[in-house]
Amino acid sequence: MATTESDLGGPADLSEDEQRAVEAQLLRLADDELIQAERYTFWQVRAPTLESDLSISNNAQDELGHARLWYDAVQQLGYSEESLIYESDPSDFQHSTLVELPFAEGDWAGAIVRAYLYDAAEDIRLSALEDSSYETIRNRTSRIQGEEGYHLEHAESWLNRMALDEEASERVQAAIDDLYPYALTLFEPVGDVEADIERLGIRTMTLDEMRTEWETRVEPFLTELGFDVPTDADPATPTGRDNEHTDHWHDLHEQMTSSYRNLGRDKATLIMAADDE
């Protein structure tokens, strides 16, 4: 039975098991958003129109801001940004393998399909965090939801447009076939801590419930546009949630952290600190 939303209190009030569960949920959120933002930057000056270039750049900036909010919440539990990102090992990250896959040159359909599958899942996940038993998660969820809603509308709008063009539709279908199993990894567990996340009310839906809601949302939408959905697909392996990743991730991690290493930094430079909560 889940606890009430007031049970966990603030960072200083957590027991060892409670902190472990809160950390697992926060890191899943932060890592997903950070890597999604990093991959979006590929499309700067590569998107098919100026409008779409600006839109996906704004989405990348939003995701990076969301990642910072979640990482800052982890830092309240005794960690540093350096240890969480720049000085961490690639195997320390728990993001879904969906967000680490590279974009192929010119594959705008793949970018939109990935955005749609991810943002639909993110909308459901944020809804499951609205009444989290951990106050910091509740507060930051409400700040993020509006921007994520725009991201989903952007992806849906593009899919509606591409469904009207035969060649674009073929590219969308190929992307759905390729990415759907990776999207399912968003609903895979993080080690043995999942039971505590649910028991403590850190999230008010189980992973299975979230996946079911996601499937009942994305399948009719895509089907109505004329696309086939691989409903019998299994989650791709590795999932990322188990700290195992594709080879693409190791290359991206090297790129992400190269400036920090090459400049000989020992701490992250912040232009503006996150708000205290």
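Which residues have the most contacts inside the largest nonpolar core?

**Entry 1: ground rules.** I am working with a predicted model, where local features need pLDDT of at least 70, side-chain atom pairs count only at pLDDT 80 or more, and totals for chains, interfaces and linings use all residues. Residues are numbered from 1 along each chain as its sequence is written, and side-chain values use heavy atoms, with hydrogens and water left out.

**Entry 2: the fold.** I looked up the helices and strands (DSSP runs: H or I of at least four residues for helices, E of at least two for strands, numbered from the N terminus). The protein chain has nine helices and zero strands. I also checked burial (buried is under 20% relative accessible area, exposed over 50%, partly exposed in between, with a 1.4 Å probe and protein chains only). Of the 277 residues, 52% are buried.

**Entry 3: the core.** A nonpolar core is a set of buried Ala, Val, Leu, Ile, Met, Phe, Trp, Tyr and Cys residues joined through side-chain atoms within 4.5 Å. The largest one has 81 residues, and Tyr71, Tyr116, Leu159 and Trp214 have the most contacts inside it. Helix H4 gives the most to this core, with 13 residues.

**Entry 4: Tyr71.** I listed its contacts (heavy atoms within 4.5 Å). Not counting residues up to four places away in sequence, Tyr71 touches Leu27, Ala30, Asp31, Leu34, Leu84, Ile85 and Phe93.

**Entry 5: Arg20.** I found Arg20 in helix H1. Arg20 is partly exposed, because its relative accessible area is 38%. Leaving aside neighbours within four places in sequence, Arg20 contacts Asp192, Val193 and Asp196. Arg20 and Ile197 are 177 residues apart in sequence, but 9.1 Å apart in space, C-alpha to C-alpha.
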